[in-house]
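This briefing covers cores, helices, strands, a pocket and some backbone angles. Please look through the sequence and the model before reading on.

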Amino acid sequence: MRDAIAALAVAALTFLPASPAAGTGTAGMTAAQLVGRAATGAPGTHLFGVALSGIGQLPEVTALAARLHHPLDVVNVYVGWDSPFPSRYVEEIAAAGAVPEITWEPWRHQLGLHQDTYPLTSIASGALDRYVEGWARAAAAWGKPLLLRFAQEMNGDWYPWDVGVNGNSALDYVGAYRHVHDVFDAAGARNVLWIWSPNVTSSKTPTLASMYPGSSYVDFVGIDGYNSGVGIPYGWWASPAQVFGKTLADVATFAAGKPVLITETGSSERGGSKAAWIGQFFAYLATQPEIVGFVWSEYPGRADWPIETSPASEAAMRAGLASY
């Protein structure tokens, strides 16, 4: 399997050659090259990305990256299943020098949790293939490296595709994920790298292993986890080890060797020192060689996750990235 991932990564690298206009990372590598290298699990690969609330934030985060003296390797956007393939989004992100990551959510978010618009069973059976095939063909035609995070946080209870919500089983989730992946393969979308992305586990969440689609369907294990502090009602101040440690240990029991990408993270300013937490976060990453990068949530107005919520937090991120 590692050989197959390496072949995929090498193929992806041909699409974004190094150039002065492209984002560069370690030793002058482009973002596409870094992502391809990370997909092989190569040690010492460190991706830095941000997740946007909308593509309109791209100029802001590009300016933020300049202040941080570190390019953006990955930029995430969220797209629901009531939307076509976001060609403009991926083009704008690539033009900014980053690799696009699409979090592809099978719902109409305005309908809330209890909806049967795109049931997992219908996705798995092929009943929605006309839509999926359209995306697959568009991704293949675009041709450049693309990270795809389908139906994230399946172990939660806040999305309609989550296991245990709307009658969904772990087998339903795995079947839907595999089927979507297979449709993309059939369309020749070999430029797509797949992220399987649970939320950090708790005593209430289902067993992650039961929802894992298998190593041949996953290029990156993604993990979402936040230090919420007291910024949101259910929050508490947690160290990076407290946020991620249990989930990383769990993943290692069934997906050992898979590169891990922290696909959503952030820290509150309330309940402790966010600047200190950011420093602890980089120290923690240094002890976890399986983690090949992180994507920080830049959601204005949602708690206080963004990097630039205070000069001290921004300075801490700049210092951490300088040695990352």
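Is Leu285 buried or exposed? Leu285 is buried, because its relative accessible area is 7%; buried means under 20% relative accessible area, exposed over 50%, and partly exposed in between, with a 1.4 Å probe and protein chains only. The model is predicted, so local features need pLDDT of at least 70 and side-chain atom pairs count only at pLDDT 80 or more, while totals for chains, interfaces and linings use all residues. Residues are numbered from 1 along each chain as its sequence is written, and side-chain values use heavy atoms, with hydrogens and water left out.

**Leu285 and helix α9**

- Leu285 lies in helix α9, residues 274-285; helices (H or I, at least four residues) and strands (E, at least two) are DSSP runs numbered from the N terminus.
- Apart from neighbours within four places in sequence, Leu285 is in contact with Ile291, Phe294 and Tyr324, where contact means heavy atoms within 4.5 Å.
- Leu285 and Tyr324 are 39 residues apart in sequence, and their C-alpha atoms are 8.9 Å apart in space.

**Nonpolar cores**

- The largest nonpolar core has 79 residues, and Ile102, Trp104, Phe150, Phe184, Trp196 and Phe294 have the most contacts inside it.
- Helix α7 (residues 170-186) gives the most to this core, with seven residues.
- A second, separate core has 20 residues, including Leu47, Ala51, Leu147 and Ile195.
- A nonpolar core is a set of buried Ala, Val, Leu, Ile, Met, Phe, Trp, Tyr and Cys residues joined through side-chain atoms within 4.5 Å.
- Beyond its neighbours within four places in sequence, Trp104 is in contact with Val79, Gly80, Trp81, Tyr131, Val132, Trp135, Leu148, Arg149, Phe150, Ala151, Val180 and Phe184.

- Val50 is in strand β1, residues 47-52, and is buried with a relative accessible area of 0%.
- Leaving aside neighbours within four places in sequence, the contacts of Val50 are Val61, Leu72, Val74, Val75, Asn76, Val295, Trp296 and Glu298.
- Val50 and Gly293 are 243 residues apart in sequence and 11 Å apart in space, C-alpha to C-alpha.
- Trp296, a contact of Val50, is found in strand β8, residues 291-298.
- Trp296 is buried too, with a relative accessible area of 0%.

- Helix α2 (residues 31-39) is largely enclosed by the rest of the structure, because seven of its nine residues are buried.
- The buried residues of α2 are Ala31, Ala32, Leu34, Val35, Gly36, Ala38 and Ala39.
- Just after α2, Gly41 takes a positive phi of about 80°.
- In helix α4 (residues 87-95), Val90, Ile93 and Ala94 are buried.
- These residues are on the same side of α4, because they cover an arc of only 100° around the axis; the arc is that of the directions from the helix axis to the C-beta atoms.
- An α-helix has 3.6 residues a turn, so residues three or four places apart point the same way.
- The cover over the buried residues of α4 includes α3, β2, β3 (99-105), α6 (129-142) and β4.

- Most residues other than glycine have a negative phi.
- His69 has a positive phi of about 60° although it is not a glycine.
- His69 sits in the loop between α3 (58-68) and β2 (74-80), and counts as exposed at 66% relative accessibility.
- Asn166 is not a glycine either, and its phi is positive, near 55°.
- Asn166 is in the loop between β4 (146-150) and α7, and is partly exposed with a relative accessible area of 37%.

**Largest pocket**

- The largest pocket has a volume of about 1400 Å³. A pocket is an open set of points on a 1 Å grid over the protein atoms alone, where a 1.4 Å probe fits, with protein on both sides within 12 Å along at least five of seven lines. Grid points are joined across faces, edges and corners, and the volume is the space filled by probe spheres set on the points.
- This pocket is lined by 49 residues, of which Glu153, Trp158, Asn199, Tyr234 and Arg302 lie nearest its centre; lining residues have an atom within 4 Å of a point.
- The largest share of the lining, four residues, comes from β2.
- β2 and α8 (240-252) each supply at least two lining residues.
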